[in-house]
Amino acid sequence: MPNKPLVEVKKLKKNYGDTEVLKEIDGTVMPGQVICVIGPSGSGKSTFLRCLNMLEKPTSGQVLFEGKDTQKFSEEELTTLRERMGMVFQSFNLFPNLTVLENLKLAPIRVKKMSDKDAEEKALGLLKRVGLDEKANVYPDSLSGGQAQRVAIARALAMDPEMLLFDEPTSALDPEMVGEVLAVMKELAEDGMTMVVVTHEMGFAKEVANDVWFMADGYILEKNTPNEMFDHPKNPRTKDFISKIIGNV
Amino acid sequence: MKVKGRNVLLTVMTLCLSLLFLFTIQPSHSITTTTAYAADNSLQRVKARGKIVMATSPDYPPYEFQVSKNGKSEVVGMDVDIMKQVAKDLGVKLVVKSMSFSNVLVAVETGKADVAMSGINPTPERRQSVDFSEIYYNGGQSFLINKTDAGKYTSKASLAHKIIGAQTGTLQYNLAKSKIPGAQVKGMDKNTDLVLALKTHKIDALGIETPSAEAYVKNDPDLKMIKSGYSLNKNDTGSAMALKKGSGTLVAAINKSITKIKAKGLPNQYLAQAGKYMKVNTHNTSMFHYWTYFAKGIEYTLLISAISVIFGVLLGTILALMRFSKSKIFHAISIAYVEFVRGTPLMVQVMFVYFGIGIVVNLPALLSGIIAVSLNSGAYVEEIIRGGINSVDKGQTEASASLGLAKTDTMRFVVLPQALKNIWPALGNEFVSLVKESSIVSIIGVTDLIYQLNIVRADTYRGVMPVFVAMIIYFVMTFILTRVLNYFEGRMKHAK
């Protein structure tokens with residue numbers, strides 16, 4: 001693994017009014033690493049993820065991308081940051097006014113100034129990769145949840161990002177569709193994509209992640225390898241959480 | 001990015017403002033009003049222009065009313081004939097401007113017209129705000145009562161403690177109030193409404209000038225006239241022309257003409273002529289006979305609504321852009337505008353544009369009406385657009401931002417196309433409600449459907465039927481419009 005971190009988080013804090021959502025977060029993401037962030041609801045996992053690509057502005061602390069403070073980014077640098085750090089949302093957020101193909105083509109054409117032909121070629125290639133090339137010309141509302149999320153992943157990939165953020169990508173899916181989305185994500189991880197995944201899918205975390213971070217009450221309470229985290233958790237809160245989750249499964 | 005967006009906004013605003021000015025500035029007599037009091041050149045001005053503008057409320061036969069001559073509607077009556085003679089003596093052409101009675105004096109004060117002539121009594125109160133000519137006709141005061149009450153009400157004394165109707169702001173109103181002990185005086189804007197109130201026993205008697213009373217009695221067998229028995233100063237009770245304060249030279253010229261007209265006994269001739277017109281007019285009171293009136297009303301109502309909705313959308317879009325702009329000033333202006341317009345009645349806004357702004361720039365009634373309704377609609381359209389944009393899920397903006405799309409691109413390709421789906425139907429509803437609400441412009445004399453309805457009521461001496469016809473026409477218009485809009489809305493749902 002190369003030793004220059006892609007993302008560094010230092011003493012990150014985020015308040016909404018009087019509510020402290022992130023109290024003090026530190027962490028490093030190395031290129032090619034897959035990090036799964038787990039923890040109870042309301043622990044600040046999603047907020048943490050959204051601070052990485054500046055969808056939320058940190059209250060204090062720093063998020064460094066390749067050593068540069070993202071809070072000091074100009075509008076242009078911010079665009080570049082987001083080009084290189086794609087995001088997949090829990091509720092897909094496909095654009096319902098555009099076809100699947102247009103969903104994929106919009107950003108490459110408008111941001112990367114790609115030609116329509118090149119963008120289309122790229123989009124079709126990506127759709128084939130997620131197994132949805134025959135859905136290119138339909139509108140998102142005719143897709144199943146699993147298909148929609150695979151399109152959303154393809155849309156993020158269309159910008160050739162070096163890193164992908166996943167915000168509970170399978171939480172809004174019917175159980176029988178979870179597998180197809182996780183399969184695509186696993187493939188990405190195997191291809192060397194840097195990924196930060198907020199998830200409740202412990203099986204996926206155990207199998208794919210290099211590192212698992214456990215978050216609760218606005219802190220990262222434990223960072224560990226998947227095996228250690230699930231088999232020998234150190235922090236009592238982690239223990240409690242994992243026993244509950246595994247118990248349910 | 002920020003600076004660029006603001007520049008675009010500024011350009012759009014400047015463009016719209018200049019457009020507005022192009023529309024509003026009238027080359028004709030816009031400057032004359034402001035210089036009127038510098039020196040009394042009122043006569044000179046009228047002569048130079050070659051025409052004299054008379055404001056009148058043509059719902060007061062036989063003084064002034066509308067007839068249809070060869071399919072064209074025209075204001076006739078004793079007042080018009082006298083004024084024609086005066087204009088002839090001055091060597092200028094006569095232009096008649098119609099509006100509601102409560103507005104004729106304001107029209108003179110604000111320079112919308114040179115002369116107000118509408119059976120006006122030169123009361124001391126009115127003399128404070130306008131100049132009056134000599135009295136050109138003294139008709140005397142009477143009451144109209146229901147024939148069935150003929151035994152009960154025989155004189156002024158028998159009306160004590162009864163409900164007396166009169167036109168608001170008229171001599172008749174003040175007389176009933178001050179000279180009939182214990183009377184409850186009910187004021188309305190139009191004699192047609194008052195006659196209807198009398199016939200439906202909402203009022204017991206109606207104070208009215210004798211010639212008008214005679215006209216109603218001739219045309220309605222259920223009514224009876226009794227003499228008022230007021231003892232009055234002739235100088236207060238006759239009819240005179242009202243002019244803007246400081247129009248001494250024009251008043252003098254008109255007085256000369258009036259003396260001549262009276263000496264020849266022309267007023268009585270004109271009254272007889274008016275009586276003939278009324279017979280023609282009331283010969284056929286079928287609503288079909290008046291279809292051209294209603295058709296013209298529909299045309300104006302639709303015209304005002306359609307133009308206003310277009311300008312309303314333009315203004316509303318600008319206001320919405322300002323509302324979403326990062327500039328605190330634009331944001332505040334937009335909020336203040338919307339709150340103010342939504343917090344004041346359209347009727348007041350219409351009067352403000354026509355009379356208030358009219359002091360600076362002389363706007364024709366139709367244009368004033370369209371401007372007022374557009375300005376009003378803009379505030380509501382802003383709310384529609386804002387609601388439409390806010391209704392788009394926040395996740396859409398975030399997804400777009402996470403792909404690196406600029407804010408303007410996000411607006412253009414993601415948010416607006418989705419917002420439009422919510423905005424279109426609401427804009428359609430706004431158009432439909434403008435068809436109904438624009439009816440208020442009739443108060444400044446725009447010949448929309450309500451205005452025509454009142455003309456038909458005055459002409460036919462039928463109070464209810466024209467109202468019913470107008471109600472059906474409004475319903476048919478809004479019903480058809482709603483169906484058409486639903487059809488397009490349905491099609492929009494399928495094709496994305």
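Trainee: Which residue is the bridge partner of B:Ser142 in β11(B)?

Mentor: B:Ile208 is the partner of B:Ser142. Keep in mind that this is a predicted model. Another residue pair to look at is B:Gln141, which stands opposite B:Glu209 in β11(B).

Trainee: What makes β8 of chain B and β11(B) a pair?

Mentor: Two strands count as paired once DSSP finds at least two bridges between them. Strand β8 (residues 141–146) and β11(B) have four bridges, in the antiparallel sense, so they pair under that rule.

Trainee: And how do you know that β9 of chain B pairs with β11(B)?

Mentor: Strand β9 (residues 163–167) is joined to β11(B) by two bridges, and these strands run parallel. The cut-off is at least two bridges, so that counts as pairing. On that side, B:Ile164 stands opposite B:Ala205.

Trainee: Why are β10 and β12 of chain B said to stand at the edges?

Mentor: Follow the order of the open sheet of five strands, β10-β9-β11-β8-β12, where the pairing is mixed. β10 (184–188) and β12 (223–227) each have a single partner strand, so one side of each has no neighbour in the sheet. On average, neighbouring strands are turned by 35 degrees against each other, direction ignored. Helix α7 (residues 171–179) of chain B packs on this sheet, touching β8, β9, β10 and β11, and its direction makes about 165 degrees with that of β10(B).

Trainee: What makes β11(B) mostly covered?

Mentor: Five of the five residues in β11(B), 205–209, are buried. Both faces are covered: B:Ala205, B:Gly207 and B:Glu209 lie on one side, with B:Leu206 and B:Ile208 on the other.

Trainee: Why is B:Arg457 called buried?

Mentor: Its relative accessible area is 5%. Buried means under 20%, so B:Arg457 qualifies. You'll find B:Arg457 in helix α19 (residues 449–460) of chain B. Leaving aside neighbours within four places in sequence, its contacts include B:Thr192, B:Asp193 and B:Leu196.

Trainee: Over in chain A, are A:Met54 and A:Lys113 buried or exposed?

Mentor: A:Met54 has a relative accessible area of 7%, so it is buried. A:Lys113 comes out at 63%, and exposed means over 50%, so A:Lys113 is exposed. A:Met54 sits in the loop between α1 (45–52) and β4 (60–65), while A:Lys113 is in the loop between α3 (100–110) and α4 (116–129). Check their backbones too: phi is positive in A:Met54, near 65 degrees, and also in A:Lys113, at about 55 degrees, although neither is a glycine.

Trainee: Last one: which peptide bond is cis, with omega near 5 degrees?

Mentor: That's the bond from B:Pro61 to B:Pro62. B:Pro62 is in the loop between β2 (59–60) and β3 (64–69) of chain B.

Conventions: Residues numbered from 1 in each chain as written. Chains lettered and ligands numbered in written order. Predicted model: local features only at pLDDT ≥ 70, side-chain atom pairs only at ≥ 80, totals over all residues. Heavy atoms only, no water. Buried < 20%, exposed > 50% of the residue type's maximum accessible area, 1.4 Å probe, protein only. Contact = heavy atoms within 4.5 Å. Axes fitted to C-alpha atoms, helices over the stretch in contact; angles between N-to-C directions.
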